[in-house]
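Please open the model in your viewer and keep the sequence panel at hand. The stops below are meant to be selected one after another.

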Amino acid sequence: MVMSFFQLLMERWDEVIFALQDHLVLVAIPIGLASLVAIPLGIIATRNRWVELIVMTVASVLQTIPSLALLALMIPLGLGIGKKPALVALFLYSLLPILRNTFLGIRGVDDSVKEAATGMGMTQFQRLYMVELPIALPVIIGGIRTAAVIVIGTATLAAMIGGGGLGDFIITGLGMVRDDLILLGAIPAALLALAVDFILSGLEKLLTPRGLRIPSKE
Amino acid sequence: MLELKNLTKVYGQAESCHLAVNNIDLDVDKGEFVVLIGPSGCGKTTTLKMVNHLIEPTSGEILINGSSTTELNAVELRRNIGYVIQNIGLFPHFTIVDNVEIVPKLKQMDPKKRRQRTLGLMEMVGLEPDVYADRYPAELSGGQQQRVGVLRALAAEPDLILMDEPFGALDPITRDQLQTEMKQLQQKLNKTIIFVTHDIDEAIEMADTIVLMKDGQIVQAASPREILTNPANSYVREFIGEERLAPEPDITPVADVMVMQPLTVSMDTTPKAVLRQMQKHRADFAVVVDDAKRFVGLISANQIMRNRGKNKTLTKMLQTEDNTVRSHTTIRDATAALANEVQVLCVVDRKRRPVGLVSRTTLLQGLVNIWDESNSNAVI
């Protein structure tokens with residue numbers, strides 16, 4: 001089987017690369033859009049209790065819907081099949097980790113630091129970008145990382161509604177009972193998840209302010 | 001410099017409301033070190049935070065240099081008031097210099113000038129700039145961190161600095177050290193400081209004026225010495241602790257030994273009438289007061305007699321020196337004041353109205369009584 005897998009990989013290399021690119025699109029667009037939406041929402045949620053309640057509840061509910069069900073739900077919701085419903089579903093799916101980490105990251109900034117910032121005469125906005133965001137940034141990146149890893153996995157299911165990506169190999173392999181085809185989709189997906197996780201954790205460390213990397217003396 | 005007028009803060013609404021600060025008035029002079037003290041929940045921190053509008057007053061006014069802060073932009077106001085908070089609250093992602101320079105930066109002061117000042121300030125509190133400038137707060141000990149916290153409040157050269165239990169989280173040795181440094185720094189830079197603490201020893205050590213609060217109201221506002229020697233009521237006595245109130249010449253006030261209710265005469269009384277009153281009250285001295293009953297001078301029977309027939313008015317005969325002491329002046333200090341030819345001192349209240357007289361004899365008698373009392377206590 002190992003032999004036949006490698007043979008297949010050689011034979012269908014171009015297809016695999018194409019599916020991988022397709023898969024990356026299925027991950028990058030939802031994650032990018034979700035970051036654009038969830039980070040500001042997470043920040044607003046730390047400022048307003050009602051926003052917090054509504055936004056966190058909605059995101060948590062979305063997260064509890066099984067991923068396959070969420071993808072399938074797109075069809076009766078009128079989005080049909082193909083890339084578009086897959087992107088929407090994956091976008092919704094990546095909201096919560098980013099939202100939650102942004103919220104917790106900003107809320108987690110020491111109260112005395114926030115009080116000092118305001119007491120020194122920073123405006124709300126200055127406090128946010130000079131103090132809260134830099135301190136919360138590693139946590140926010142952590143949320144994006146979690147979302148990315150989840151979405152890389154979930155995106156393989158997008159093939160079920162015609163979304164394309166590495167899932168196509170897996171679905172076909174399942175239908176034809178061909179393990180090598182299943183592996184052709186599963187192994188690159190797993191490697192992609194590991195690679196993205198590695199890169200983002202590196203970014204997380206890189207963006208951690210130097211002063212926060214030092215273990216405290218106290 | 002700073003005036004609080006009918007300042008009130010109410011939390012909650014209607015029946016469930018809580019009066020955190022209840023209609024307080026306070027005047028703070030330039031260069032004065034005022035310590036707000038009281039048990040937790042007495043409103044001291046709320047009062048402090050209303051000054052820089054971290055807490056908005058429910059009613060009343062805060063005036064800085066005569067102008068109300070209510071209309072001012074809170075952000076602008078805070079940049080002109082130094083603020084040191086209890087849990088230090090340094091920005092962990094900023095270096096020490098960046099932490100110190102935050103307010104000058106927000107005020108867009110010249111980068112070169114502000115850096116120079118920062119380094120000078122660091123040297124002043126013993127944080128060697130070469131060593132510490134580019135370090136991060138996490139690399140410093142708690143005491144060093146709060147030094148930086150104090151520098152951060154001083155960096156933009158505000159006249160007024162608010163300190164909210166700044167040394168509460170430090171160990172006792174570091175705390176003592178910082179208290180001493182802070183007091184020296186304040187005297188050197190002549191800053192007005194409002195300082196909140198619940199530690200009476202800290203208050204006595206540092207304050208020019210101690211403002212003792214309870215249930216949102218000021219119970220007594222006076223110098224440490226006056227509070228120690230002349231506690232306004234039993235609550236103050238209890239809060240200070242009896243052991244700090246022990247009677248000794250060093251801290252016993254003249255109020256404890258003075259002759260009360262001295263004979264007072266108004267300025268337009270004729271010398272003859274004064275003499276007659278002295279005779280009636282068997283007094284050797286009379287206190288001459290103005291229309292507002294304030295001290296003008298002392299006159300003795302001898303002086304009037306010496307000027308007999310010279311047709312002088314009473315005011316011309318007066319001892320014009322300011323022979324007054326306050327009721328909280330200690331016996332020791334009063335004795336020193338009596339050393340030069342002065343025979344009698346007039347004890348006056350805050351508005352310079354006479355409340356008593358002391359002579360060397362009365363002081364001596366007072367000391368003897370105290371001696372007896374403490375000895376008899378010792379026997380029991």
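The tour goes from a helix pair to a chain contact and then to a sheet.

This is a predicted model, in which local features need pLDDT of at least 70 and side-chain atom pairs count only at pLDDT 80 or more, while totals for chains, interfaces and linings use all residues. Residues are numbered from 1 along each chain as its sequence is written, and chains are lettered from A and ligands numbered from 1 in the order in which they are written.

Select helix α2 (residues 13-47) and helix α10 (residues 179-206) of chain A, whose axes come within 11 Å and cross at roughly 50°; axes are lines fitted to C-alpha atoms, for helices over the stretch in contact, and angles run from 0 to 180 degrees between N-to-C directions. Helices (H or I, at least four residues) and strands (E, at least two) are DSSP runs, numbered from the N terminus. Show next V16(A), L20(A) and H23(A) of α2(A) with L184(A), P188(A), A189(A) and L192(A) of α10(A), which make the contact (C-beta atoms, placed from the backbone, within 7 Å).

Move to the contact between the chains, which takes 21 residues from chain A and 24 residues from chain B. On the side of chain A that touches chain B, α7(A) gives the most, with six residues.

Finally, select the open sheet of chain B, where four strands run in the order β2-β1-β4-β5 with antiparallel pairing (at least two DSSP bridges between two strands). Strands β2 (18-28) and β5 (67-68) of chain B stand at the edges, each with a single partner strand, so one side of each is left without a neighbour in the sheet. Strand β1 (residues 2-11) of chain B pairs with β2(B) over seven bridges in the antiparallel sense, and L7(B) stands opposite I24(B) in β2(B).

Technical notes:
Contact = placed C-beta atoms within 7 Å.
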